[in-house]
Amino acid sequence: MNPQAKLIFAISLLLGTTITISSNHWIMAWAGLEINTLAILPMISKSHHPRAIEAATKYFLVQAAASTLVLFSGMTNAWHTGQWDITQLTNPVSCLILTSAIAMKLGLVPFHFWFPEVLQGSPLTTGLLLSTTMKLPPMTLLYMTSHSLNPTSLTIMAILSVATGGWMGLNQTQIRKILAFSSISHLGWMVIIIIYNPKLTLLNFYLYTLMTATTFLTLNSMKALKLSTLMTAWTKTPPLNAMLLLTLLSLAGLPPLTGFLPKWMIIQELTKQDMATAATAMSLLSLLGLFFYLRLAYCTTITLPPHTTNHMKLWHTKKPTSIMIAILTTMSTALLPASPLIITII
Amino acid sequence: MMEFVLFLGLCFVLGGLAVASNPSPYYGVLGLVVAAVAGCGWLVSLGVPFVSLVLVMVYLGGMLVVFVYSVSLAAEPYPEAWMSWGVIGYGFGMGLVVVVGIVVGGVLGLLVDVGTVNSVGLLSVRSDFSGVAMLYSEGVGLLLIGGWGLLLTLFVVLELVRGLSRGAIRAV
């Protein structure tokens, strides 16, 4: 892509995100969401492959519909209450429309159908942006309006999201689709706690961003897009594959890795709020996700002895070390002992 | 007067139906024109004729004209036509249901208001073009963001359609 065009799209992504997360007027929130949607479209369709174009089309249609619903919710609230403040959402119709709009933006069940295909059709770095940066504005809107939204619908969407993310990821061989379902599952964990303790939602989101960024960047350096490629990619950078094992287990939420911290805090808060059944259901449904994380981890670390193969196998190419992957990997596996510090900061 | 406003609303929805069910872009554009004119009429009934005129000028006189020119450059010799009467039948049926629902539901009074102090007539300070003046003075941040969004749309579209047959819009 033209470097100047790439600069404009990158600046617009930052601008749109900043506008939405710093807004207190519905029009500004909507403008930021629209700028984000537009700016990422050429990044998704960069390769001009038909699958990428289809992914860009699906992304645009879903996100434009969701932005329209956000705008309608803000406008209906302004019509009935006379003010445009995001935290003062009082009209019940507006709250319902906004819940479905945020669910469409994030990829919560039952509005998740676009997410795996969009992630599969985009390159790995754009997939990273879609999973992390594009989720920050809707998550911020959810955080700001969490006290006005219907708790029942949020809880049902959250539990269904964890279930769908776990079950649908089981039969996948394409890594980007697996990461899409892992994202849906993590979003379920984020949404279930938002009515009781919204800070835990943000904690879960930040740690999920960390772990997902590590995974995407590691896969990008190994250029592994499906399980079969992942099996033979250990020869390029063996230590990176070992760390990818730990990062994937951290995404699954296993102690003593970082990914355990948000799940632990959320289960604790749910139990305190007399929602032990929901906590049990979420934990059991996350076991489904653990299976495909384990399968991914198995594929990354399996080491075969040197033997004759009938396809070309790569071996120890001179790859420059990436300091970003090193920092992110360390943070996404070793942050659990610092959990009191993290909980105080967030 | 109320019935005319309701008829405008019906035309808006029917125009949207025509856009969505078009067999070829030329008929979709006709639906867009109907929907835009009906929307402008609705805006006049709400008491903001300046915004309505701006919409007509920019949308119909600018964007639609450019669209028609580019479509006529890529014209096909034998376009499809609206062959099925089912679409028109559905449109009438839906319009009838909506109008009956609104009349029976009793929300007729909410749709058309009596003209308030600054929304009708030729006063010097009116809600619609004073609002536009405010957009350029107090609301300059939103103006700049809106302008950036439109410029970004231009770059996005140019990036998405560049490449002729090797680009995004290619016969696969």
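**A tour of the rings and the A–B interface**

Select Tyr59(A), Trp114(A) and Phe115(A): ring pairs join these residues into a cluster. The model is predicted, with local features needing pLDDT of at least 70 and side-chain atom pairs pLDDT 80 or more, while totals for chains, interfaces and linings use all residues. Residues are numbered from 1 along each chain as its sequence is written, chains are lettered from A in the order in which they are written, and side-chain values use heavy atoms, without hydrogens or water.

Rings of Phe, Tyr and Trp (its six-membered ring) pair if their centres lie within 6.5 Å; planes under 30 degrees apart are stacked, over 60 edge-to-face, and the rest tilted.

Over all chains, the whole structure has 5 aromatic pairs. Next, select Phe205(A) and Tyr206(A): the ring centres are 6.2 Å apart and the planes are at 55°, so this pair is tilted. Phe205(A) is buried at 3% relative accessible area, whereas Tyr206(A) is partly exposed at 38%. Buried means under 20%, exposed over 50%, and partly exposed in between (1.4 Å probe, protein chains only).

Move to Phe292(A) and Tyr293(A), with centres 5.0 Å apart and planes at 45°, so also a tilted pair. Phe292(A) is buried at 1%, and Tyr293(A) is buried at 4%.

Finally, show both chains. Contact (heavy atoms within 4.5 Å) involves 16 residues of chain B and 21 residues of chain A. The buried area, meaning accessible area (1.4 Å probe) lost on putting the two parts together, summed over both, is about 1600 Å², with 79% from carbon and sulfur atoms. On the side of chain B that touches chain A are 9 nonpolar, 3 polar and 4 charged residues. Nonpolar covers Ala, Val, Leu, Ile, Met, Phe, Trp, Tyr, Cys and Pro; charged covers Asp, Glu, Lys and Arg; the others, including Gly, are polar.
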